[in-house]
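Subject: A structure for you to look at

Hi there,

Here is the structure I promised to pass on. Please have a look at it first, and then read my notes below.

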Amino acid sequence: PEGETVCQAILLHPPSGIAGGDRLHIGVDVAQGAHAQMTTPGAGKWYRSAGDEASQKLVFNVANEGIFEWLPQETIVFDGARSHMETRVNLVGDARYFGWEILCLGRSAAGERFSNGHIDLVTRIERDGRPLWLERGHVEGNDPLLHSRAGWDGNSICGTLLATLPTGFDVASLLEVGRAVAPNDEAEHGLTALPGMLLARYLGHNSEAARLWFGALWQLFRPALLGRAAVPRGIGVT
């Protein structure tokens with residue numbers, strides 16, 4: 001959609017899901033001054049395991065003045081899955097990153113809840129070896145945290161959007177515009193700024209609403225943060 005200026009790719013995983021014992025490693029290297037954008041053609045799936053843990057490791061290396069956008073469809077974790085998900089973003093100099101993850105516990109449309117198994121989550125974003133964002137999580141099937149007000153509060157879908165901020169960027173006006181946009185299902189959500197980072201969270205029951213909200217924020221923020229107008233065709237946010 002954007003010609004040769006932006007390398008846009010759809011990441012296709014032929015098995016369409018991850019089963020017990022699988023080890024999936026996805027690596028992306030963005031060269032200096034290059035701009036790459038990746039999405040997926042459909043929801044990722046983590047199947048129930050008979051015992052062995054499955055893992056996925058995403059490693060995104062972005063050289064100075066490079067840009068990488070990671071805009072996948074949602075991830076569905078089946079009841080009984082035993083999973084480890086790790087994402088590492090390594091930025092150099094003035095490299096920029098914009099990405100999101102939408103995690104669905106159980107197949108809620110079929111009445112399934114995440115009652116068995118576990119999920120380990122690790123997300124780390126570094127610039128020149130110094131951490132900008134580090135988050136770890138562990139969820140057990142039927143964990144009290146899933147029902148606690150301090151945790152998932154009975155919701156089945158959690159989404160996180162993370163974007164790096166250019167040096168010296170005045171984020172106040174961007175936050176004001178972004179906070180005027182809300183998910184169409186009235187789910188709990190928030191948008192805030194941290195040193196060097198912009199963060200949005202969704203907590204609810206509708207993966208499509210989460211994806212469309214993240215897409216709306218991406219369309220608002222992309223010109224200011226990445227220097228290009230948003231072209232939503234092909235990434236499932238319209």
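A contact here means heavy atoms within 4.5 Å. Helices (H or I, at least four residues) and strands (E, at least two) are DSSP runs, numbered from the N terminus. This is a predicted model, in which local features need pLDDT of at least 70 and side-chain atom pairs count only at pLDDT 80 or more, while totals for chains, interfaces and linings use all residues. Residues are numbered from 1 along each chain as its sequence is written, and side-chain values use heavy atoms, with hydrogens and water left out.

Let me begin with helix 1. Its buried residues are Leu174, Leu175 and Gly178, where buried means under 20% relative accessible area, exposed over 50% and partly exposed in between (1.4 Å probe, protein chains only). Seen down the axis of helix 1, these residues fall within an arc of 100 degrees, so they line one face of the helix; the arc is that of the directions from the helix axis to the C-beta atoms. Strand 13 (188–194), strand 14 and helix 2 are among the elements that cover them.

Next, the cores. A nonpolar core is a set of buried Ala, Val, Leu, Ile, Met, Phe, Trp, Tyr and Cys residues joined through side-chain atoms within 4.5 Å. The largest one has 31 residues, and Phe98, Trp100, Leu198, Tyr202, Phe214, Phe221 and Leu225 have the most contacts inside it. At least two residues each come from strand 9 (96–105), strand 12 (157–164), helix 1 (172–179), strand 14 (197–204) and helix 2 (207–226). Helix 2 gives the most, with 9 residues. Leaving aside residues up to four places away in sequence, Phe221 touches Phe98, Leu174, Gly178, Leu191, Leu198 and Leu226. A second, separate core of 19 residues includes Phe68, Trp133, Met197 and Leu199.

Now the sheet. Strands pair if DSSP finds at least two bridges between them. In the order 2-5-8-10-11, 5 strands form an open sheet with mixed pairing. Strand 2 (23–30) and strand 11 (130–140) stand at the edges with a single partner strand each, so one side of each is left without a neighbour in the sheet. Strand 8 (residues 82–91) and strand 10 (residues 118–127) run parallel and are joined by 10 bridges. Across this pairing, Met85 stands opposite Leu121 in strand 10.

There are also 7 aromatic pairs. Rings of Phe, Tyr and Trp (its six-membered ring) pair if their centres lie within 6.5 Å; planes under 30 degrees apart count as stacked, over 60 as edge-to-face and the rest as tilted. For Tyr47 and Phe78, the centres are 5.1 Å apart and the planes at 90 degrees, so the pair is edge-to-face. Tyr47 is partly exposed at 29% relative accessibility, whereas Phe78 is buried at 12%. Trp213 and Phe214 form a tilted pair, 5.5 Å centre to centre with 35 degrees between the planes, and both residues are buried. Ring pairs also link Phe60, Phe68, Trp70 and Tyr97 into a cluster.

Finally, two loop residues. Asp128, in the loop between strand 10 and strand 11, has a phi near 55 degrees, a positive value in a residue other than glycine. Asp128 counts as exposed at 52% relative accessibility. Asp153, in the loop between strand 11 and strand 12, is not a glycine either, yet has a positive phi of about 55 degrees. Asp153 is partly exposed, with a relative accessible area of 30%.

Enjoy exploring!

Best wishes
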